[in-house]
Amino acid sequence: MEEGIKKEQHHCTEAPKILRFAHSWCLLLSLFAISTGARAFDYADALRKSLLYFESQRSGRLPYNQRVTWRDHSGLTDGLEQGVDLVGGYYDAGDHVKFGLPMAFTVTMLSWGVIEFRKQIAVAGELEHAMEAIKWGTDYFIKAHTSPNVLWAEVGDGDTDHYCWQRPEDMTTSRQAYKIDENNPGSDLAGETAAAMAAASIVFKGTNPHYSHLLLHHAHQLFAFGDKYRGKYDVSVGVVKNYYASVSGFKDELLWAALWLYKATDNEEYLKYVVDKADTFGGIGWAITEFSWDVKYAGLQVIASKLLMEEKHKEHAHILEQYRSKAEYYICACLGLNENNGSNVERTPGGLLYIRQWNNMQYVSTAAFLLTVYSDYLQNSNQNLKCHGKMVGHEEILNFAKSQIDYILGSNPMSMSYLVGYGSNYPTRVHHRGASIVSYREHKGFIGCTQGYDHWFSRQEPNSNVLVGALVGGPDSQDVFVDHRHNYMQTEACTYNTAPLVGVLAKLLHLEDLSFDQNHSSPLVASY
């Protein structure tokens, strides 16, 4: 397409030699070529489908306006054995365990996306769906936070769940629930859940102030609980260790929660926490090249950097500048511009950021989000990024983020869309129990664990249901992707993969619309 545009523009240089009518027509063709080139990907469709995915992952009693119709009610007795109502929330991936830490990070990222790009999401007509996706998670957290110092961390366990290949509607696996409390602390989980509820409180502040206030109440309590009774949640809830172990510890989550509470409340005590513990908790010490459900430092550092724009934060500028230095280390590493090449994020031959073999796309989507947010920050503050002497403008950062999104949507060596249901070539054998088995609404006959493995997991045919909007784990370091159900490292999708995409897709759609409007704002009048 680019070559075609160049040819068209070259031809137009001959315009002075021909009639002005022909010149106008030639210019119109050029603009058409450019605008169609810019619209190679339908970001509006990708955004709509991304939000649809969260409805596929719902646990509990589904609402009347449920759009993913192959799903039905599930997990309706969750928490019953423990005498608490834990119905609702999200399944994290292709199984049926409700893991608290990744669920909370999912909600934090969805909320952050709406906070940064609310207008763009609204213009796309998806704000209501985004807020519904957030509220489905926060409603569950309210239930799970049964008293100030008790938070239910998990329902089900990965070991027994993974012995079964069943639809969620048929579940026969353990629904044992696990909690953290004063004697069994989990500062990382309490911190991330506090961050999610504080961020969500900002989202709902203007439209549902009562609900926003309720979320803040829980966020305050959860932060106080996590800070007072410190410990890693995977020590208290041992069954989670093989699935979502807290490798980074809890200090990043406590800083992250405090910063979100500051953004939600303007309470200086929370900012003081972020500043005073910046060094001892690693906020200005860790230079990290990944941002994920486990490691929050890069996200924390980006938000702290943005505080420098406001005059009222000048007294803390010394510490905030150190946060910014670490944020820029992350951005420069993603751009491949750090001085020591070993500190840059690797890329596949096709240009995809590559962190690790298992579910690499989670790191790509979070990177695209942070790059987009930081690009906006630089543009709004009229600054450039400096990567070891090289000046980088906000456009270059955003263009790289766009390249990662475009890779996801099909601009890659395999011409594969890794966003399921988008485009014409996408994974059809996603590692997902519910999607792989015939819909409960079509076939209500019970399907057991062994039957599920024998008949549905092992079959070569595509999944019975399309898991629209799921971002799968993606290709390997050489851009190779094998679409097999058993290849869970590449074909399993997770809620925290898709969540960061929502804001970025809305931003790219907005820019595309702006470009289209500008190209068509001056009517081309033919002259004879």
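This is a predicted model: local features need pLDDT of at least 70, side-chain atom pairs count only at pLDDT 80 or more; totals for chains, interfaces and linings use all residues.
Is Cys164 buried or exposed? At 5% relative accessibility, Cys164 counts as buried, because the cut-off for that word is under 20%.

1. **The disulfide at Cys164.** Searching the whole structure turns up two disulfides. One of them joins Cys164 to Cys449, with an S to S distance of 1.5 Å. This pair links distant parts of the chain, 285 residues apart: Cys164 sits in the loop between helix H6 (158-161) and strand S3 (177-180), while Cys449 belongs to helix H18 (residues 449-457).

2. **The disulfide at Cys332.** Here the partner is Cys387, and the two sulfur atoms are 2.0 Å apart. The torsion about the S-S bond of Cys332 and Cys387 is about -85 degrees, so this disulfide is left-handed. Again distant parts of the chain are linked: Cys332 is in helix H14 (residues 317-335) and Cys387 in strand S6 (residues 385-387), 55 residues apart. Cys332 has a relative accessible area of 3% and is buried; Cys387 is buried too, at 2%.

3. **A cysteine without a partner.** What about Cys334, which is in no disulfide? The nearest cysteine sulfur belongs to Cys332 and is 9.4 Å away. A disulfide needs sulfur atoms within 2.5 Å, so that distance rules the pair out. Another cysteine to look up is Cys494, which counts as buried at 5% relative accessibility.

4. Arg356 is partly exposed, with a relative accessible area of 36%, whereas Glu290 is buried at 15%.

5. **A salt bridge between helices.** Which residue forms a salt bridge with Asp376? The partner is Lys507, and the closest N and O atoms are 2.8 Å apart. Asp376 lies in helix H15 and Lys507 in helix H21 (residues 501-519), so the pair ties together parts that are 131 residues apart in sequence. Asp376 is buried, and Lys507 is buried as well. Elsewhere, Asp45, Arg48 and Lys49 are linked in a network of salt bridges.

6. **Thr366 in H15.** Helix H15 also holds Thr366, which counts as buried at 1% relative accessibility. A polar atom of the Thr366 side chain lies 3.1 Å from the backbone oxygen of Gln362. Leaving aside residues up to four places away in sequence, Thr366 touches Phe105, Phe291, Tyr330 and Pro500.

7. **Helix H12.** At the N-terminal end, Asn267 caps H12, with a side-chain oxygen 2.8 Å from the backbone nitrogen of Glu269. Within H12, Tyr270, Leu271, Tyr273, Val274 and Val275 are buried. What do the buried residues of H12 pack against? They pack against helix H8 (209-228), helix H11 (251-265) and H14.

8. **The nonpolar cores.** The largest nonpolar core has 156 residues, and Trp112, Tyr323, Leu385, Ile405 and Leu409 touch the most other members. Not counting residues up to four places away in sequence, the contacts of Leu385 include Cys332, Ile331, Leu335, Tyr374, Leu378, Met391, Val392 and Ile397, and also Glu328 and Lys390.

Note on methods: Residues are numbered from 1 along each chain as its sequence is written. Side-chain values use heavy atoms; hydrogens and water are left out. Helices (H or I, at least four residues) and strands (E, at least two) are DSSP runs, numbered from the N terminus. Buried means under 20% relative accessible area, exposed over 50%, partly exposed in between (1.4 Å probe, protein chains only). A salt bridge is a side-chain nitrogen of Lys or Arg within 4 Å of a carboxyl oxygen of Asp or Glu. A polar contact is a pair of N or O atoms within 3.5 Å; within protein, one must be able to donate a hydrogen and the other to accept it, and residues adjacent in sequence count only if both atoms are side-chain atoms. Contact means heavy atoms within 4.5 Å. A nonpolar core is a set of buried Ala, Val, Leu, Ile, Met, Phe, Trp, Tyr and Cys residues joined through side-chain atoms within 4.5 Å.
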